[in-house]
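Q: Could you walk me through the charged side chains in this model, taking it slowly? I'd like to know which ones pair up and how open they are.

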Amino acid sequence: IFPSPLYHHATCDAVSNFVVLQQIAEDAEDNNIIPNAHFRKDWQRRVKTWFDQPARKKRRRIARQLKAKAIAPRPVSGPLRPVVRGQTAKYNMKVRLGRGFSLTELKEAGINKKEAPTIGISVDHRRKNRSVETLQENVQRLKAYKAKLIIFPRRTGKPKKGDSAEADLKQATQLTGPLMPIKRVGIKAASRAISAEERKESVYAKLRKARSDARLVGIRKKRAAEKEAKEKA
């Protein structure tokens with residue numbers, strides 16, 4: 001029985017394709033994929049441009065000017081914010097501006113929590129003070145702000161109790177820069193020569209000893225209590 005011509009041609013095509021693939025695999029240095037690139041993607045329609053960057057810059061500047069004009073004579077940078085530390089052990093050494101002053105800080109500074117937003121002080125009722133240093137720093141920040149504060153009357157020419165004097169109102173100008181920026185003080189140790197006593201000691205050994213003492217404080221306390229009870233018995 002002889003195979004049909006159609007079957008014979010199909011078998012020859014399959015064999016020739018296999019030979020081509022085998023040749024491509026042999027020419028490649030490693031076990032890479034067979035080249036099958038697609039370049040007809042019409043990429044010109046998907047290119048992202050930024051030709052409107054100068055116009056956006058101008059639009060942002062005009063928006064800032066309009067905002068400053070709308071909130072005048074209030075500070076351009078917005079309400080006063082507290083000095084806080086970053087979250088987690090990775091960022092807690094960095095100082096930044098927080099969301100708002102806590103109720104404890106406002107109470108210590110003698111400012112009503114409902115009055116604070118009306119005189120440009122941000123309030124965060126959820127925030128809690130975990131350290132005395134931060135509490136005192138923000139209380140002093142509030143007192144310094146209150147000492148420089150100029151309060152305009154709601155109605156011109158009809159001042160009420162707590163409003164600033166007419167002479168202060170004439171001297172008032174809108175603050176364009178940051179409102180009471182954070183003063184970051186860098187602590188830099190002076191360089192000096194290593195003493196002979198310091199060379200004799202091992203800092204690594206001290207750290208390991210302190211770590212071991214902290215880890216074994218419980219078992220050592222237990223052993224001391226057992227020994228004392230045994231001696232009394």
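A: Here is a walk through the charged residues, starting with a few ground rules.

This is a predicted model, so local features need pLDDT of at least 70 and side-chain atom pairs count only at pLDDT 80 or more, while totals for chains, interfaces and linings use all residues. Residues are numbered from 1 along each chain as its sequence is written, and side-chain values use heavy atoms, with hydrogens and water left out.

Let's begin with the pairs. The structure holds 9 salt bridges (a salt bridge is a side-chain nitrogen of Lys or Arg within 4 Å of a carboxyl oxygen of Asp or Glu). One of them joins R56 to D52, with N and O 2.9 Å apart. R56 counts as partly exposed because its relative accessibility is 37%, and D52 is also partly exposed, at 33%. As for the labels, buried means under 20% relative accessible area, exposed means over 50%, and partly exposed is in between (1.4 Å probe, protein chains only).

Further along, E228 bridges to K232, where the closest N and O atoms are 3.7 Å apart. These two sit 4 residues apart in helix α9 (residues 217-232), so about one helical turn separates E228 and K232. Helices here are DSSP runs of H or I with at least four residues, numbered from the N terminus. K232 is exposed, given its relative accessible area of 68%, whereas E228 is partly exposed at 44%. There's a network to look at too: salt bridges that share partners link K209, D213 and R220. Within it, the side chains of D213 and R220 meet at 3.0 Å, N to O. D213 is partly exposed with 25% relative accessible area, and R220 is partly exposed with 42%.

K57, K58, R59, R60, R61 and R64 form a positive surface patch. Patches like this take residues with over 30% relative accessible area and no salt bridge, joining like charges within 9 Å. Lys and Arg count as positive.

Finally, take a look at E105, in helix α4 (residues 103-109). E105 counts as buried because its relative accessibility is 0%. Its side chain reaches the backbone nitrogen of S102 at 3.1 Å.

Key: Patch = residues over 30% accessible without salt bridge, like charges linked within 9 Å, V, L, I, M, F, W, Y side chains within 5 Å. Areas by Shrake-Rupley, 256 points an atom, 1.4 Å probe, with all protein chains shown as cover. Charge placed at Lys NZ, Arg CZ, Asp CG, Glu CD. Polar contact = N/O pair within 3.5 Å; in protein donor to acceptor, adjacent residues only side chain to side chain.
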